[in-house]
Amino acid sequence: METPVGSAGQKTDLDPVSLENLLNPHSLYPELRERAPVYWSAGMHAWVITRYDDVLSCYRDPRLSADRSGFYQQQLAGFGPEFAEGFLSVARRQMTMRDGSDHIRVRRQTSPGFTPQRLDAYRPAIRFIMGAMLDRVQPLGRMDLVQELSYQLPPRVIAEFLNIPQQDRERFQQLARPQAEFSNPSPGADMGEVARNASRSMTELSAYLGGIIEERRSHPGEDMLSLMIHAQELGQMTHEDLVANAILILTAGHLTTTDQISNGVHDLLTHPDQLLLLQKDRTLLKSAVEEMLRFSPSVPYNFRIAKEDIPLRGQTIGKGSTVFMSLASANRDPAVFTEPERFDITRDHLHQKHLTFGFGSHHCLGAGLARRELEISIEMLLDRLPDLRLDETKPPQVKPGIIIRSITSLNVQW
């Protein structure tokens with residue numbers, strides 16, 4: 001496939017993977033939306049879509065495939081596909097990598113576990129877990145919120161959701177991280193080593209969950225994993241599908257929420273007027289969470305692969321091209337959002353809908369669980385630590401990335 005040429009007038013300073021733009025992407029998005037809404041990034045070797053309506057159009061377009069295995073193989077230029085085969089052999093079976101009826105079939109077998117009624121049943125467990133962590137840190141007067149809370153709450157909740165041993169939480173956290181690193185590698189990373197680590201962790205996680213699944217067959221319950229096993233035994237899902245999608249729920253169910261909690265707390269603490277507003281009026285909690293999701297999504301981009309040539313805004317997205325849809329940019333598109341650069345917890349999210357959880361048939365299945373974790377964790381933080389504020393002596397540390405943008409250290413005091 002030939003490398004497309006950018007539109008006339010485009011400059012290299014628009015490239016999302018330049019160091020400056022990785023560190024400060026929100027200054028880049030308005031430029032891209034205005035000057036190059038369909039932009040060829042030489043650094044990413046992909047098209048970048050930044051306007052809200054175009055991102056929606058991409059989600060709706062059946063010519064864009066969720067099977068992104070070609071992109072991952074592209075990451076290994078010079079190494080060979082065998083480096084990532086352990087990772088890809090499982091990832092290809094996950095619902096997020098499937099299209100059409102195949103995607104619907106697998107998603108349908110897991111969706112009963114994500115109904116509002118079932119998710120509400122986990123609220124007491126989320127409160128209990130959060131309360132225990134706050135009990136430990138409250139007397140200290142300060143903490144790194146990432147390490148002490150946001151890094152620990154989601155994996156404990158997902159362990160409860162799947163009913164897997166809490167003592168294994170640290171193990172599956174460690175196994176999930178290499179997979180995230182392969183999807184969102186650090187600049188200058190040794191991709192051969194990154195791919196080997198991802199494949200090794202995927203193989204180990206498959207074996208671990210395979211053992212849990214066999215035990216659960218003999219002793220089923222009402223947890224998510226038991227529901228998936230029941231669907232598999234009815235012939236609606238293969239054993240390989242079951243393991244792959246259990247891994248998806250286990251990993252995606254805690255990695256992104258971990259980062260979203262940190263991002264949301266940081267936004268709240270750096271906008272003291274909004275923090276005060278929420279402290280005075282807790283009925284704003286749900287809209288505050290939606291604004292946190294809109295303003296600083298932990299997953300700034302989702303991406304697809306073109307199955308055929310696609311014309312868009314005067315450009316031609318060639319067959320086989322990778323298309324990155326900027327959720328973070330769409331969430332700040334002034335064509336949809338009033339004063340989009342303003343963090344406003346009173347925003348009308350009913351009519352100004354963010355795209356942080358995607359759209360359509362691939363809308364994030366775990367969105368309801370993530371929202372409940374965010375609502376409960378923010379509420380309990382404000383209740384238990386009413387004087388919560390940033391520790392100005394220790395600035396936040398950010399890991400910039402295209403697929404995942406996370407705060408790795410957020411020091412606070414009270």
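Helix H14 (239-269) gives the most to the lining of the largest cavity, with 9 residues. Helices (H or I, at least four residues) and strands (E, at least two) are DSSP runs numbered from the N terminus. This is a predicted model: local features need pLDDT of at least 70, side-chain atom pairs count only at pLDDT 80 or more, and totals for chains, interfaces and linings use all residues. Residues are numbered from 1 along each chain as its sequence is written, and side-chain values use heavy atoms, with hydrogens and water left out.

**Cavity search**
- The whole structure holds 3 cavities of 30 Å³ or more.
- A cavity is a set of points on a 1 Å grid over the protein atoms alone where a 1.4 Å probe fits but cannot get out; lining residues have an atom within 4 Å of a point.
- Points are joined across faces, edges and corners, and a volume is the space filled by probe spheres set on them.

**Largest cavity**
- Its volume is about 1200 Å³.
- The lining has 50 residues; Thr96, Leu248, Ala252, Thr256 and Val299 lie nearest the centre.
- Elements that each supply at least two lining residues include helix H11 (169-183), strand E5 (301-306) and helix H18 (367-384).
- The lining has 29 nonpolar, 17 polar and 4 charged residues. Ala, Val, Leu, Ile, Met, Phe, Trp, Tyr, Cys and Pro count as nonpolar, Asp, Glu, Lys and Arg as charged, and the others, Gly among them, as polar.

**Second largest cavity**
- This cavity has about 70 Å³ of space.
- Among its lining residues are Pro16, Tyr29, Tyr301 and Arg405.
- Helix H2 (25-35) supplies the largest share, 3 residues.
- By class, the lining divides into 8 nonpolar, 2 polar and 1 charged.

Terms used:
On a 1 Å grid over the protein atoms alone, a cavity is a set of points where a 1.4 Å probe fits but cannot get out, and a pocket is an open set with protein on both sides within 12 Å along at least five of seven lines; lining residues have an atom within 4 Å of a point.
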